[in-house]
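I looked up charged pairs, a surface patch and a pocket.

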Amino acid sequence: MKHDWIVLLYLYSFLGLVILARGDHEGTSASVTGVVGAIVDDSCRVGKEERVAIKMALQDFHKATNQSLILHIRSSRRDPMQAALAARHLITRKGVQAILGPDTWEEISLVAKVGTGNQIPVLPLVNANPKWATQLWPFLVQISPNKLNQMKAIAAIVQSWEWYQVNVLYEDNSLMINDVLPHLSSALREVGAEITRLVALPPFVSSSMTEELERLKEGQCRVFIVHSSVEFGLKLFEKAREMKMVEKDYVWITTDAITNLVHSFNASTFSSMQGVLGVKSYLREDEPHWQDFYHGFRKRFSSEYPKEYNYEPGIFAVQAYDATWTLALAMIRGNKKGGQELLKQIFKSDFHGMSRKIQFDDRRVAPEHIFQIINVVGKGYNELGFWSDQFGFSETISKNTSYNSSMRGLGQVFWPGRPWYNPKGWTISTSSNPLKIGVPTNSLFKQFVNVEQGHDDHLGNSNHSVSGFAVDVFTAMVEKLPFYLPHYFVPFDGSYNELVEQIHLKKFDAVIGDVAIVAERYKHAEFTHPYTETGLVMVVPVRSKTSNKAWLFLKPFTLSMWVVIVAVNVYNGFVVWLIERNHCPDLKEGSLPNQIGTLFWLAFSTLFSLHGEKLHSNLSRMAMLVWLFVALVITQTYTANLTSMLTVQQLEPDVEALQSGNAMFGYCRGSYLESYLIEVLGFPKNKIKKFTSQEEYAQALNSREIAAVFLEAPLAKLFLARYCKGFTILKPTYKVGGFGFAFPRGSPLLPSINEALLQVAESGKLLELEKNMLESENCTDVETDNDSGPPSLSLKSFWTPNSLEGNDGYNKTQNQ
């Protein structure tokens, strides 16, 4: 009799388990397919939704297949050790063939180890395990999709509103942040933004949280991205509201770890999150069975947890529902077998679940590509639209919807404090200190920036005035900014590289002046767009314009050569007159002046005509022939030399020609040009010389101490405005960055300042300032002595023909 009672007790226990698995379908005959375990945290909303969804999935599975699964649920209370003990209990005492859950990485790692050791598949209900986990524990099944693509969605939000810096706050209690941060940082870099501060907060409210928030409040960046558990996130927002950090000009963005449970928040929770933007997992409410699931879940959830604020299902319920169906179908295909066979059948799953298509690739389901964008407003939240990895933002998810790369088209966003404008994402430091701007004191061109030191006041402060073109442009730019930018100038005596480095050393907030934009300086600062003409040019002396001289026709020959030509000409006329006077009576007649005139006429007329028919003596004809040969050489040489003089003076030397001629070159002291001339243009160091003033440039060029000077294009224009006649620019123009204002790398001011600079240029103000600067220079006429045309020909060049002519004339007179 006692034995029969024991048998009956076991029978009733078994029937109780079957009834638990079958739910409300008591009295319906069904085949038991297998035993399933679940580990959830029923102390939180996620675990409660998962518990209800798992039971609903088994009930629906029974309706569809007339098959039942025995279910054993254990609560871990988010204690990793408790989760591991629950897994061991379910395997050894309850004989489960698979385990659904748990939810955190710390729990999953221990449960997966237990499951793999016993060849029991473990299906976590959230994506909280890294890629390598499935390789370490082969029976760990990644049934929930990877949602790291949401980091791209967050970056797209940041890009939409043109924010360039963000602060990231995360709960410092999970190894999974090591997987999230690289994806977030990479996504932000792709859109031109960067993380200003990365703040790890302890997983509990403490003084360190307040201190960190206070430091963030004092900074400039006002965009905050929060990645944490929902419990910690709500405490963080409550503290931020107390510190008045959820007000105007602040931006808060949450990941799906918080936003996926926004449907469960009460009015008190929403009050501390007003204006928060969130990325939320996409629920496919257009699925055929969604309405049945939705209403069934609300009914069952309200029955089991009546004290909850909201009974709607979230993504965790849907994923738990799909995971349960995946496991149940795999058990049917595997003929109720467990171990390797069940794991094999799980990976063969291919069906449309409530959340997505369940299909495995490389032992895991495909990552999530669509996310919903929500905005907390009032006592709830607005669903602004969606973001797709492939197409961007859209108001709906359908075939005919239009997509946009910016979320500005999704509708009105209600920001914290409800301002009428969109937050710019940064603000002037709350310390209200004006910007400390460095200016160079050793600028070679005072028209760009001029610092005049004054006397110290009674407090020991140095009084100085700063003026110049760069200062005027900066002032005009500040006036175009949509906000007030307090600042003051501080002189700096040092090289330009050292000046820019002071920004990196936190001694200056910015630098202005004739500061060239050079790649090497980007190590210490970031520059605005150039506000001047770009390029490096070479200034050389203007060649002497001999073509305008009255006695240019005498230039081809030297004075001695002209004297010899005249003498030889007269001598040749005398020889012809002496020979011909014996044959021509007319040459003997007349007075002495008449005879002299005839002699000179014979001398110069032979240059233009042969007179061969008028000469009577062969001796005079031979003398004339020699002279005509000499005259031909002289006239042709004269023509060629004069042509060369008029042509060569128009030609300018090039850099290669000057370098090959061992010429010296000048550059500005303290600039980057020394390294540029040596390393880029290949000038020997002993062939370049630095100068400290414009006057030194002009004097060195005029005295031929240097052949040319290298200047940035705007400085060259200023130099030529002063020395307008003595020098000119020689091509080519070398590509360099021009002049710009320097700010700290990643400064949130840069976008606004660049926009303001463009407004100054497009309004014509920049051109007006440049014109005023150039017109203020009085042109100084500097005459150079560089008469570098072809040399005049001397007597030595014609020694041979002149000697021939002289000897021939002498012989003829002796024969006569």
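Entry 1. I note that this is a predicted model. I began with R215, which at 40% relative accessibility counts as partly exposed. I then looked up its partner: the side chain of R215 meets that of E212 in a salt bridge, 3.0 Å from N to O. E212 is buried, with a relative accessible area of 18%, because buried means under 20%. Both R215 and E212 sit in helix α8, residues 207-218. They are 3 residues apart there, about one turn of the helix.

Entry 2. I checked how many salt bridges the structure holds, and the count is 20. Side chains of opposite charge can pair when their charged atoms come close.

Entry 3. I looked at K239 next. K239 forms a salt bridge with E242, and their closest N and O atoms are 3.4 Å apart. Helix α9 (residues 230-242) holds both K239 and E242, 3 residues apart, about one turn of the helix. E242 has 51% relative accessibility and so counts as exposed, the cut-off being over 50%.

Entry 4. I turned to E705 and K689. These two form a salt bridge in which the closest N and O atoms are 2.1 Å apart. E705 lies in the loop between α22 (694-702) and β25 (708-712), and K689 lies in strand β24 (residues 688-691), so the pair ties together parts that are 16 residues apart in sequence. E705 is partly exposed, at a relative accessible area of 38%. K689 is also partly exposed, at 34%.

Entry 5. I looked for nonpolar residues on the surface. M81, L85 and L110 form a nonpolar patch there, and together they have about 280 Å² of accessible area. L85 belongs to helix α3, residues 80-92.

Entry 6. I went on to the second largest pocket, which has a volume of about 770 Å³. Its lining has 32 residues, and the closest to the pocket centre are Q220, K506, D509, P744 and P748. The elements that give two or more residues to this lining are β5 (165-171), β6 (194-201), α8 and α16 (496-504). Which element gives the largest share of the lining of the second largest pocket? That is β6, with 4 residues. I also sorted the lining residues of this pocket by kind: 12 are nonpolar, 12 polar and 8 charged.

Notes. Residues numbered from 1 in each chain as written. Predicted model: local features only at pLDDT ≥ 70, side-chain atom pairs only at ≥ 80, totals over all residues. Heavy atoms only, no water. Patch = residues over 30% accessible without salt bridge, like charges linked within 9 Å, V, L, I, M, F, W, Y side chains within 5 Å. Areas by Shrake-Rupley, 256 points an atom, 1.4 Å probe, with all protein chains shown as cover. Salt bridge = Lys/Arg side-chain N within 4 Å of Asp/Glu carboxyl O. Buried < 20%, exposed > 50% of the residue type's maximum accessible area, 1.4 Å probe, protein only. 1 Å grid on protein atoms, 1.4 Å probe; cavity = no way out; pocket = protein on both sides within 12 Å on 5 of 7 lines; lining within 4 Å. Points joined across faces, edges and corners; volume = space filled by probe spheres on them. Nonpolar A, V, L, I, M, F, W, Y, C, P; charged D, E, K, R; others polar.
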